[in-house]
Amino acid sequence: MGSIVSAHDVEYIEIYTSDQRKTTDYFVSGMGFQEKARCQTGALDSVLLRQKGVQLVITSGPGTAGFLAEHGDGIADIAFACEDPLAAREGALAAGARDLTSGNPAGPAVSGFGAVRHTLLKRSASQPHGLPPGRDWVRSPEGAAPAGTATELRLLDHIAVCLEAGTLHDAVQYYIDGFGFEQYSSEYVAVGEQAMDSIVVRSPSAGITFTIIEPDSTKKPGQIDEFLERNAGPGVQHLAFLVDEIVPAVSEFEARGVEFLQTPGTYYDVLAERIDNLDETIADLRKTNVLADRDEWGYLLQLFTRSPFERRTLFFELIQRHGAQGFGSSNIRALYEAVERARAATS
């Protein structure tokens, strides 16, 4: 079944939130998304945001109460664009999915991981995104991007998914058999007394990329275990947005209220030894806390936001690629070592 090509792009990502106004403002004022439409469908009240090829649906209302009570604010739906949604549903069901079509206003839907579903929508790869079907959307007045916006999020680079220990390989096989994804890479990362296993799968079109991670249960609990506890199970840990120039992007987003994680100064003390021939200066990376990693194809720059949500589940990443095809896993180890150097320097 791995030859089946049933999903080629992410049509939209739906975030359930307890505070729609605050969450919408985070993406519009902080990250430059534009509001395109609003709707109220049954017990769901939604706002559609768009920036280039990325669509977010921000949803609140009574219909989200059960999800929010169990998981907190987070992603409830990753909708897939398909040439044939009904065939895609049948392929997913044959691979072990649960049919979630009943009661889903947008149409065919199947289970993904944890409480995340996949709505399956018809759109050919050559067509632009449209309004998600099955809802009474009212288009919002066309407005300019927020004042001071210079950075564009070019596309959704990848979606990071955290799973419970022992479920990684079954989940990977599900996306291969059910949606025609291909295994792109795999890596085991051990840091101190913690470790995690990850496999990257993506659609043949490269329009959908999942970095799927599970903790090593034989090691001490770490950040993946902490996410699973806060989220009450598997879910989307972060969305990664591709940008052309991350250093000015971070400065701009910070000025507009987005909070990023701080990087220990000791990380940059050895960065030139880890990665040479950077176009950017280490001073600029240090000033903005941006991380760097290299693989056989080139290097990448990345930085993660603090979660804007109360339970600190979902957060976001900015990533700039200089040829690199990886996802910055060496930074997990480099950050750990930087913290250890800083601790040794003060002891």
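Me: Okay, a helix here is a DSSP run (H or I) of at least four residues, numbered from the N terminus. Which residue takes a positive phi just after α6?

Reply: That one is Gly257, with a phi of about 100°. Keep in mind that this is a predicted model.

Me: And α6 itself, which residues in it are buried?

Reply: Helix α6 covers residues 246-255, and its buried residues are Ile246, Val247, Ala249, Val250, Glu252 and Phe253.

Me: Is Asn277 buried or exposed?

Reply: Asn277 has a relative accessible area of 65%, so it is exposed; the cut-off for that word is over 50%.

Me: What about Arg312, what's its phi?

Reply: Arg312 is not a glycine either, and its phi is positive, about 55°. Look for Arg312 in the loop between β15 (298-304) and β16 (315-322).

Me: New topic: helix packing. At what angle do α3 and α4 pack?

Reply: Helix α3 (residues 85-94) meets helix α4 (residues 168-179) at an angle of about 140°, and their axes are 7 Å apart. That angle is why α3 is called oblique to α4. As for handedness, α3 passes α4 in a right-handed crossing.

Me: Which residues make the contact?

Reply: From α3 it's Ala88, Gly91 and Ala92, and from α4 it's Tyr174, Asp177, Gly178 and Phe179. Sorted by type, the residues of this contact are four nonpolar, two polar and one charged.

Me: Now the inside. Which residues in the largest nonpolar core touch the most other members?

Reply: Ile78, Phe80 and Phe210 do, in a core of 72 residues. Helix α4 gives this core its largest share, seven residues. In soluble globular proteins, nonpolar side chains tend to be buried together.

Me: What is Phe80 in contact with, leaving aside its neighbours within four places in sequence?

Reply: Quite a list! Among them are Ala7, Asp9, Glu11, His118, Leu120, Tyr175, Phe179, Ile208 and Phe210. Apart from that core lies another one of nine residues, including Tyr12, Cys39, Leu48 and Ala106.

Me: How about Val47, which strand is it found in?

Reply: Val47 belongs to strand β3 (residues 44-51). Val47 has 0% relative accessibility, so Val47 is buried as well.

Me: How many residues apart in sequence are Val47 and Asp25?

Reply: They are 22 residues apart in sequence, and 11 Å apart in space, C-alpha to C-alpha. If you leave out neighbours within four places in sequence, the contacts of Val47 are Gln20, Thr24, Glu35, Ala37, Arg38, Leu56, Val57, Ile58 and Trp137.

Notes. Residues are numbered from 1 along each chain as its sequence is written. This is a predicted model: local features need pLDDT of at least 70, side-chain atom pairs count only at pLDDT 80 or more; totals for chains, interfaces and linings use all residues. Side-chain values use heavy atoms; hydrogens and water are left out. Axes are lines fitted to C-alpha atoms, for helices over the stretch in contact, and angles run from 0 to 180 degrees between N-to-C directions. Helices (H or I, at least four residues) and strands (E, at least two) are DSSP runs, numbered from the N terminus. Angles under 35 degrees count as roughly parallel, over 145 as roughly antiparallel, 65 to 115 as roughly perpendicular and the rest as oblique. A crossing is left-handed if the near helix is turned anticlockwise from the far one by less than a right angle, and right-handed if clockwise. Contact means heavy atoms within 4.5 Å. Ala, Val, Leu, Ile, Met, Phe, Trp, Tyr, Cys and Pro count as nonpolar, Asp, Glu, Lys and Arg as charged, and the others, Gly among them, as polar. A nonpolar core is a set of buried Ala, Val, Leu, Ile, Met, Phe, Trp, Tyr and Cys residues joined through side-chain atoms within 4.5 Å. Buried means under 20% relative accessible area, exposed over 50%, partly exposed in between (1.4 Å probe, protein chains only).
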